[in-house]
Amino acid sequence: MTSRVEIEELINVLEDIRNTQHPDVPAELIRNIVYAEFEKQDDRAQGRKDVKKLVDDFLKTIAEA
Amino acid sequence: MTDIVNIRLSKDANDIAERLVSTGKFENVVTAAKFALSYALKNHFADFDPATYSVPDSAGSNYNVGSVDNDGKLAALLRAIYPETETPYIYARALMVFGLMKIGERIALEGMPPVSMLCE
Amino acid sequence: MLRFTSLTVENFGPFKGTQTIDFTNENGVTIIWGNNGRGKTTLLNIFRYALFGRYKNRRGTEVDLTTLPNIEGRTEGNYNFKVVLKMINDTTRYELTRQCKVRQGIAVPKNNDDYETLVFLKENGSVLAPDARAHVLKVIMPDEVSRFFLFDGELLQEYEELLLEGTEVGSKIKDSIEKILGVPVLTNSAIDSQAVLEEYRKEKNKIAQSNAQTQKIATQMEGLEAEKREQNAELERLQGDLAGQYEERSRLEGDLQQSDHVRTLLDRMDSLEADIATKKGNKADILAQIVAQTKDAWRGLVSYRVDSILQTVAAELTELENREATHAIEKRLVDDMKQAAHAHHCQLCDQDVDEHHVQALLDRIGAYTRGVSGLNGEEQAALQSLRVRKATLESMRASSKAEILSLLETQLDKLEVEIDDSERQLKAVREELERHGDVEELANSTKAAVSALAQCLKKIENLKEGIQLTKNKLKEIENALSTLEAKLNRVSTDVDLLRAGKKVSVCEQIHDIFEKGIAAYRDKLKTDVERDATELFVGISNDPDYVRLKINDNYGLSMVHVSGELVPLRSAGFEHVVALSLIGALHKNAPLRGPIIMDSPFGRLDPDHKRNITKSLPNMSEQIVLLAYTHEVDEQQAREMLADTLRKEYRLIRYSSFHTEIEAQ
């Protein structure tokens, strides 16, 4: 049930919005956030920490740029 | 002969009057007794002589004539109906007891009849 | 995708000893045939017990563990029971064991505390730690969506609640549907990205506060953020309270529903008591009227005699009065004659009377005096007496009370019959109520429950209002913050601040993607679910005029007629068809993929529908386990229709009342 195939539909919907309205946000970041939330549905606190780390790591790359 | 000042019904007549009262349709024994008096006058005038009727006993309740006939109309009526009498309350007593006994016979035969039927 | 590969039960329910059902590793259908009472529903409950550790009866209440071991096993002294469920999730093998063992020192268990429960989950042969075990089980089969994988056909009716607004059951099912479709992943992403955004905003604000140029704006923003935090906390509190009140409402409604019959009886009792009281009041009034009438009835009754005597008295009186009148006239004449004889002059004719006529007058006077006499003393007395008697008798005339008494007595009789009838009914109602408990206690507790529900509903309304007000307030604060933010961005030249601002902008974009994604994904899901459910539905339905299904915001599906009209009321049979179509469509669209175990899904369906559903089973999920009673659906036909999608067949065979064997066919 954790097959990545099954949540592609969900990711595609987000990708449409990202692509048309927020193309500067990397698709990979959105994908990774979704997978982190999917894996941690039963541990919300950890899920939030994982999302924060993903965003923090990305924002660091912007700052360094 | 002097008239009575207390009307005392016989035990059986009193019982019958109380049965009438227990139907809830008569205020008290006096009302029932007066009703029975009229019943006797209406239905048995020809064959009943209150002058010679012997009331079986006086074991029933006792009523002062003032409570039975506070306006004197009953006595006046009986004098009008029986002009020969000088003792209307003796007649009243006889008629009441007799009337109650007759109503009692009807109750024994057909059960407690409606009051309206007794009026017919 | 999750697949069950085998289920082993040991001394559990009707299954004595150790028995195993092997499912294959291939896509398809397994049918388990069994008549009523042989353990089909128990098998479904055993799957639930294995996965979630709970065993509930038909009414949804958890049962005592002491009732679960096989009865024949118990008589042989075996009170332990176990289930082992083997599964594959994509390529990972799992073996889930859940067993109850009697604690040491206890010979015969009397309650749950006498058991110890042991749970093991092996992943690819290695036993997982409890936390890891809990995590894996929650991911591969969350309890909230189990209804779509393990379901009892009898409960398909509740999917109708999705068509109604604001029902508790409908709301729970909708949440489960969104859970299985992955919507919580999006909502969690939106919530968590919002939290990250808040942090970066705080950071930016801190930098802005330390800069003289932007300090004032930053301080204002800090103030608004603090207010926003307060309002959010308040919103969370209100929403928590509301959820609590919804649960309370469900509980109270459940209690009241269970006591529905008792309430009906109590209402009936109250109604009868009120009716009897009114009628007794009316009876008392009528009796009072009768008593008023009988008080004077003696006069009306005696009137008949009075009238008869009056006639006699009147006649006698008339005779005497006539005589008296005649005598008076004659006496007058005699007096005139006497006067004329004495005065030798008649006053009547004013003529003198000579001697000859005087003598004639005297003779005539003598004759009158001798012939006529008036009433004697006795007759006078009689006349007076008669007058008195007449007056008395006339005053005693009164109309008979017979008619009015008859009317009143008829009304009274009718009332007495009605009162007796009502009292008899009241007695029966009270006796029935007493079977449920003390009547007064029941009345009080029902009244309290109704009052509690009313209060709960009021609280819900107040909370909803409070939540809306708080949301409005939050929106105002957000707008004010946006304005200040824009101002801050305009006036600032500080590099650190600009960098922080960029980070905030990126976080806002990330959050916006997820926020918009929720609505977009829901719309897509509804379109896809509607499409897939329609496809399944038209394959199952035997009515060609029902051309499709239409979905609402709660995922409720209405049937659409070829005319375009929504079919307003549908039969229980079609309710099942629509529900099965929805479940099949959810499985097609869910990120969570797994087997469907269904217990007697055919319900009240006709043979055509049963055939069509059987044919559609392989389209609903990759692995289907069907529990059906013999002849619920034609066995041979089922085999033919499923053809090579039918993987295995088992039959639940009765060995005795308390012993069922699962035999492969």
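Modeller: Welcome! Let's begin with a rule we will need: two strands pair if DSSP finds at least two bridges between them. Keep in mind, too, that this is a predicted model.

Biologist: How do you know that strand S11 and strand S12 of chain C pair?

Modeller: Strand S11 (residues 546-551) and strand S12 (residues 557-561) of chain C share five bridges and run antiparallel. At least two bridges are needed, so the two strands count as a pair.

Biologist: What sits in the hairpin of S11(C) and S12(C), between the strands?

Modeller: There are five residues between the strands, and in this hairpin Tyr555(C) takes a positive phi near 70°.

Biologist: How many bridges join strand S4 to strand S5 in chain C?

Modeller: Nine bridges join S4 (residues 81-89) to S5 (residues 92-102) of chain C, again in the antiparallel sense. The rule asks for at least two, so S4(C) and S5(C) are a pair. Val83(C) has Arg98(C) as its bridge partner in S5(C). The hairpin here has two residues between the strands, and Asp90(C) takes a positive phi near 55°.

Biologist: Why is Asn124(C) called exposed?

Modeller: Asn124(C) has 9 other C-beta atoms within 10 Å. Asn124(C) lies in the loop between S6 and strand S7 (126-127) of chain C, and has a positive phi of about 50° although it is not a glycine.

Biologist: And why does His344(C) count as partly exposed?

Modeller: His344(C) has 13 C-beta neighbours inside 10 Å. Exposed would need 12 or fewer and buried 20 or more, so His344(C) falls in between. His344(C) is in the loop between H7 and strand S9 (345-346) of chain C. Although not a glycine, His344(C) has a positive phi of about 50°.

Biologist: Now the helices. What makes the span of H7(C) close to the one expected?

Modeller: H7(C) has 84 residues, and at 1.5 Å a residue the expected span is 124 Å. From its first C-alpha to its last, H7(C) reaches 117 Å, close to that value. There is also a kink of about 50° in H7(C), centred on Asp296(C).

Biologist: What makes helix H13 of chain C mostly covered?

Modeller: Of the 18 residues of H13(C), 14 are buried. The word buried asks for 20 or more other C-beta atoms within 10 Å, so 14 residues of H13(C) pass that cut-off. H13(C) (residues 572-589) reaches 26 Å, close to the 26 Å expected at 1.5 Å a residue. Over chain C, with its 665 residues, 32% count as buried.

Biologist: Which residues have the most contacts inside the largest nonpolar core?

Modeller: They are Leu10(A), Val34(A), Val578(C), Leu582(C), Leu586(C) and Leu626(C), in a core of 123 residues. Helix H12 (residues 495-540) of chain C gives the largest share of this core, 15 residues. Apart from it lies another core, of 54 residues, including Leu20(B) and Tyr91(B).

Biologist: Leaving aside its neighbours within four places in sequence, what is Leu582(C) in contact with?

Modeller: Leu582(C) is in contact with Tyr159(C), Ala533(C) and Leu557(C). Contact asks for C-beta atoms within 7 Å, so each of these residues meets that limit with Leu582(C).

Biologist: How many residues of chain C are in contact with chain B?

Modeller: There are 24 residues of chain C, in contact with 23 residues of chain B. H7(C) gives the most to that side of chain C, with 13 residues. By class, the side has 13 nonpolar, six polar and five charged residues.

Biologist: And how many residues does the contact take from chain A and from chain C?

Modeller: The contact takes 30 from chain A and 36 from chain C. The largest share of chain A's side, nine residues, comes from H3(A). That side of chain A divides into 16 nonpolar, five polar and nine charged residues.

Conventions. Residues numbered from 1 in each chain as written. Chains lettered and ligands numbered in written order. Predicted model: local features only at pLDDT ≥ 70, side-chain atom pairs only at ≥ 80, totals over all residues. Contact = placed C-beta atoms within 7 Å. Helix = DSSP H or I, 4+ residues; strand = E, 2+ residues; numbered from the N terminus. Nonpolar A, V, L, I, M, F, W, Y, C, P; charged D, E, K, R; others polar. Expected span 1.5 Å × (residues − 1). Bend = angle between axes of the 7 residues up to and from the residue. Core = buried A, V, L, I, M, F, W, Y, C linked by C-beta atoms within 7 Å.
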